[in-house]
Amino acid sequence: MSDKTLTRMDLSEAVFRNVGLSRNESATLVESVLQHISDSLVQGETVKISSFGTFSVRDKGPRVGRNPKTGEEVPISPRRVISFRPSHIMKDRVARGNAG
Amino acid sequence: MIRSELIQKIAEENTHLYQRDVERIVNTVFDEIIEAMARGERVELRGFGAFSVKVRDARIGRNPRTGESVQVDQKAVPFFKTGKLLRDRLNGKEE
């Protein structure tokens, strides 16, 4: 597995190359994509991007956790978490790309 | 929200752009993430989350219908971890 990590900058650079906007505007638009997805999830909506995957919000109930160092019990309050389910296209692409 | 609605929202905020360019922008973002993971790379988008590749070990599986043993090869699968800012926003902790 590669150690390389892509960031917003790499995504902006790809938009800059593919679409021909300025670097600045490309960066703003990448941010806008992420912002809209986040806002929609915060509203409790599911975000379904065909051929990429589905982000959904799940409610987790309260539970008793434990501090692993001290063994002390701590209450964990109910919270919302995101689950991401990759599309078959993504799963196949990632499996094939990293095979053998 | 689905892909076309996301494209629509961004198009409405950027009336100086052609619809087809907005489509290309949105598609580029998602395609780049998939291609990076296909190369075994991570994509870290601070505040939003990180996409990475996890390797599932080879195992002996079982056909649930026949009970027959089958060899399941090692496999790479995509994984997403939510970023701290988004996790906090989901739980009402706005910055």
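Strand 1 (residues 5-6) of chain A pairs with strand 1 of chain B in the parallel sense, over two bridges; strands are DSSP runs of E with at least two residues, helices are runs of H or I with at least four, both numbered from the N terminus, and pairing requires at least two DSSP bridges. Within strand 1 of chain B, Arg42(B) is the bridge partner of Thr5(A). This is a predicted model, in which local features need pLDDT of at least 70 and side-chain atom pairs count only at pLDDT 80 or more, while totals for chains, interfaces and linings use all residues. Residues are numbered from 1 along each chain as its sequence is written, chains are lettered from A in the order in which they are written, and side-chain values use heavy atoms, without hydrogens and water.

**Extent of the interface**
- Contact (heavy atoms within 4.5 Å) involves 51 residues from chain A and 46 residues from chain B.
- The two chains bury about 4600 Å² between them, 67% of it on carbon and sulfur atoms; buried area is the accessible area (1.4 Å probe) lost on being put together, summed over both parts.
- In chain B, the most area is lost to chain A by Met1(B), Phe48(B) and Leu90(B), together 15% of what that side buries.

- Two salt bridges (side-chain nitrogen of Lys or Arg within 4 Å of a carboxyl oxygen of Asp or Glu) are counted between chain B and chain A.
- Arg89(B) and Asp39(A) form a salt bridge through their side chains, at 3.0 Å from N to O.

**Chain B side**
- Elements giving two or more residues to the side touching chain A include helix 1 (3-13), helix 2 (19-38) and helix 3 (84-90) of chain B.
- Helix 2 of chain B gives the most, with 14 residues.
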